Amino acid sequence: ADACLESHPDKTVQLLVYRQTLVPSELFDSFGPNVVGEMCNTNPRAIIPWNGKVRAYTAYLYWFDITLGLGMGLHTTPRQAASRIRYLHESNFIGIYQIPDTNWGLMGPIYWTIAKTMGDADRDPDQLVEEYCHGVYEDAASAMSRFFKLLYKRDIEAVERSSAAEQHLFYYPPSLCVQLEQVLQEAEGAANSERSLMWVRLTREHFDYLKYLSFLLTAHQAYQANPSTENHTELLAYREDFIRYRRHII
């Protein structure tokens, strides 16, 4: 770090703080003014030991990694995302690396909230969701605002040590999916431009994943509880619905 400061005084060294480097050395007080710590753990217990050792922090985040936990379901809500960004602001974080996600149809307002609160951590997440809906859904904005309000009504937190299937049904029970379906159909009817129709369609593509999976998992639970011919037939029908959806996406 000292050599880089001498040879490239206008540059910053980004130090990966991960595994073996989670705890900084006590042999020196600081890496100097040209070093920023890339924190793979943003828990205060991981940050506090590094206070003063580096100029500032950046975050290596997995907030939306679809290979983890809830898969294509939501991994956070606008309110939670705004709170996280505010925490990073207050903890001297100056940058973020985020593993990418493909679920823009359901997560768009969350991405918008993150983008805007990165510039102003005091922005209201509810207002930002409204702003996003009016920006992309046009005449369907009112219906889509109600859609996202329903979708985000449960804050995404760990449900003890339940399975991925149990977590999915906790956040997206069939009763909620029916409500969301009704509101989304209203939005589809209200969209009257190609632009707004395509934005609503993108949300439809991602919502259908939640809906078809919820009904499939519920049918599977019913069959496990009562392996009757009727329940088996219903399970196969819902499985075919989900397979048809996957083929459509491909």
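1. Helix α9 has a kink of about 25 degrees, centred on F207. The bend at a residue is the angle between axes fitted to the seven residues ending there and the seven starting there. Helices here are DSSP runs (H or I, at least four residues), numbered from the N terminus.

2. This is a predicted model: local features need pLDDT of at least 70, side-chain atom pairs count only at pLDDT 80 or more, and totals for chains, interfaces and linings use all residues. Residues are numbered from 1 along each chain as its sequence is written, and side-chain values use heavy atoms, without hydrogens or water.

3. α9 covers residues 194–225, 32 residues in total. From first C-alpha to last it reaches 46 Å, close to the 46 Å expected at 1.5 Å a residue. The expected span is 1.5 Å times one less than the number of residues.

4. α9 packs on helix α10 (residues 229–249) at about 160 degrees, with axes 9 Å apart. Axes are lines fitted to C-alpha atoms over the stretch in contact, and angles run from 0 to 180 degrees between N-to-C directions. The pair is therefore roughly antiparallel (angles over 145 degrees). The crossing is left-handed: the near helix is turned anticlockwise from the far one by less than a right angle.

5. Contact means heavy atoms within 4.5 Å. Between α9 and α10, contact residues include H206, D208 and Y212 of α9 and H232, R239 and F242 of α10. By class, this contact has 13 nonpolar, 5 polar and 4 charged residues. Ala, Val, Leu, Ile, Met, Phe, Trp, Tyr, Cys and Pro count as nonpolar, Asp, Glu, Lys and Arg as charged, and the others, Gly among them, as polar.

6. Helices α6 (residues 141–151) and α8 (residues 174–190) pack at about 165 degrees, axes 8 Å apart. That makes α6 roughly antiparallel to α8. Their crossing is left-handed. The contact includes F147 and L150 of α6, and L180 and V183 of α8. It has 10 nonpolar, 1 polar and 2 charged residues.

7. The axes of helix α7 (residues 164–171) and α9 come within 10 Å and cross at roughly 115 degrees. This crossing is left-handed. A165, H168 and L169 of α7 meet L210, L213, S214, L217, T218 and Q221 of α9.

Technical notes:
Helices (H or I, at least four residues) and strands (E, at least two) are DSSP runs, numbered from the N terminus. Angles under 35 degrees count as roughly parallel, over 145 as roughly antiparallel, 65 to 115 as roughly perpendicular and the rest as oblique.
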